[in-house]
Amino acid sequence: MVVSRRPRQQNFPKFLVERESDSEESTSGEEEEGDEDNDDDDGVGVTTPLFSRPRSSSRSSGSGLTAFEESRWASRRSKTALPPITISLKKVCKVCKGTGHEAGFRGATYIDCPKKPCFLCKQPGHTTISCPHRVAPEHALVPTPRRNSKRPLDYVFERQLRCNVPTIKPRFVIPNQVDCAIIRLHSRRVTCLEFHPTNNKILLSADKKGQLGIWDYNRVSEKTVYDSIHSCILNSMKFNPVNDGTLYTTSADGTISCTDLEIGIPNLLMDLNPSGWNGPANWRMLHGLDINSDKQLVLVTDNFGYIYMLDLRSNKTTGEPILIHKKGTKVVGLHCNPLQPDLLLSCGNDHFARIWDVRRLEAGSCIESLAHGRVVNSAYFSPLTGNKILTTSQDNRIRVWNSIFGNLERPSREIVHSHDFNRHLTCFRAEWDPKDPSESLAVIGRYISENYNGVALHPIDFIDISTGQLVAEVMEPSITTISSVNKLHPREDIMASGSSRSLYVWRPKGLQESDQAEAEGRGDLSSRISYCGKDEKGKKGKRSGDDDDDGGANDDEFPSKASGRTRSSYILKARGVNA
């Protein structure tokens, strides 16, 4: 006797649909009750007719199975039943995972989670959109009172430095229009910029991959990229004060190099990891860099809190490394005072900026410690007198000390500004305008985007640090990436910006007649834009490994009227190739 076997049936998971309204949820419950009455529905329990399946009336009668076999099939179905799949149609916040509200971009406007503190000023009770500092980015503290008695340093300041500070603040000149650009010069995001000390038209840039770019922005097609300077992130660079043809650079690979810019061959001066990779606990990276021209010293710092010194004449290390910040924390910035190079300013991840005397530099011998709320990204003396201090911290605060000879326990002013970020960006650093005689103008990129005619843009802010007021915010509708690296020219009214892998040069809109004639001779904007790299758009999308460095949309779209321009089909490689 041949017994017909029951065909194998596929089990389907149970779908549960969560909706926002109570009426829809009750309807789903009724449908679930109706499904429970169907005992032989192949384990498919749904709440909507879309996933329902008609019941077959010939299963038990036509299958030829006994009651015992039917019970075995039922038990096997119950054991192999898949867990239910819940389809939620409720509004869920991506920040706090709560229901009833959403957080994120709505068009070109970012909506904050109402259960979290304001992302800008870090205070509860309001969101970033309604933050009072968004319109007036100012949080001025009470100025530090001066002592009744004066110290010798106060007399030094009055006699030698006060005369260099103008009594009338001049008018600020803001470079607010893109004059030229080079798109995708680097293969990874830009990490630092530096203008040539003698040639006004040369801009140097470094990136996350360790490459060094040299660009003549007066002739936009002339550029050179050296890709053998370092093996990973190039963090800092400084020109040799006695030879502007050589450049000192530090990198996260633990090396400091001196590179001849003509041939692009780096001379390795120090390697903190001679035995190679031994794990993250032992890997040393170099971050801060500055040069003491009086003592002919190159000063560099690492990620363990130590400072190293090299002789500028022999390019060899001198002395032993000295612990200047909390052990095991990164020291990300160094700056020597422009008038008194023996005064050294450092900052790091231990939430402090510290002032040192290089003549008696030893652990625990700092002159003053300036406390911050979070990690300090940068700290600089003022460029002309060296009397003020400007710091940038991850707590969305720009702090200003008006005099290094006064009371440094509290800053003279705190300015609320959006530069706190998560990752995949170069740190924001507020930098002085080296041409401003009043030492009151600073520039810094903005992290929070603004809605400009339906487009989310990240402007570059010019701030008057003497009042905390926003002087200007400059942006270009075609630049939708974040401009985290910005550098003002030391001699001309020019600003360079590093946004993603591209470089942009800004000039003031209201040019003088001589400048206008020079601009007309260079042609229109579309002719002053250079493209580098292969255009793989529409083929492979972004290049592998670069998706974490863009900080925004694709930068190949600048500008729209130049989209039909023929782009270069090569990437500069090897020791350096002049385009």
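This is a predicted model: local features need pLDDT of at least 70, side-chain atom pairs count only at pLDDT 80 or more; totals for chains, interfaces and linings use all residues.
Colleague: How do I read strand pairing, and which strands are joined to S5?

Modeller: Strands of a sheet pair through backbone hydrogen bonds, either parallel or antiparallel. Here, 5 bridges join S5 to strand S34, residues 502-507, and the two run antiparallel. Gln-177 has Arg-507 as its bridge partner in S34. Strand S35, residues 529-531, is joined to S5 by 3 bridges, and this pair runs parallel. There, Ile-182 stands opposite Ser-530.

Colleague: In what order do the strands of the open sheet lie?

Modeller: The order is S18-S19-S20-S21, with antiparallel pairing. Strands S18 (331-336) and S21 (368-371) stand at the edges with a single partner strand each, so one side of each has no neighbour in the sheet. On average, neighbouring strands are turned by 20° against each other, direction ignored. Look at S19 (343-348) and S20 (352-357): 5 bridges join them. Leu-344 has Trp-356 as its bridge partner in S20.

Colleague: Now pockets. What lines the second largest pocket?

Modeller: Rolling a probe the size of a water molecule over the atoms shows where empty space is left. The second largest pocket has a volume of about 910 Å³. Its lining has 32 residues; Phe-105, Tyr-110, Phe-119, Tyr-447 and Ile-448 lie nearest the centre. By class, 16 are nonpolar, 10 polar and 6 charged. Strands S4 (109-111) and S28 (450-452) each supply at least two lining residues.

Definitions and conventions: Residues are numbered from 1 along each chain as its sequence is written. Side-chain values use heavy atoms; hydrogens and water are left out. Two strands pair if DSSP finds at least two bridges between them. Helices (H or I, at least four residues) and strands (E, at least two) are DSSP runs, numbered from the N terminus. On a 1 Å grid over the protein atoms alone, a cavity is a set of points where a 1.4 Å probe fits but cannot get out, and a pocket is an open set with protein on both sides within 12 Å along at least five of seven lines; lining residues have an atom within 4 Å of a point. Grid points are joined across faces, edges and corners, and a volume is the space filled by probe spheres set on the points. Ala, Val, Leu, Ile, Met, Phe, Trp, Tyr, Cys and Pro count as nonpolar, Asp, Glu, Lys and Arg as charged, and the others, Gly among them, as polar. Axes are lines fitted to C-alpha atoms, for helices over the stretch in contact, and angles run from 0 to 180 degrees between N-to-C directions.
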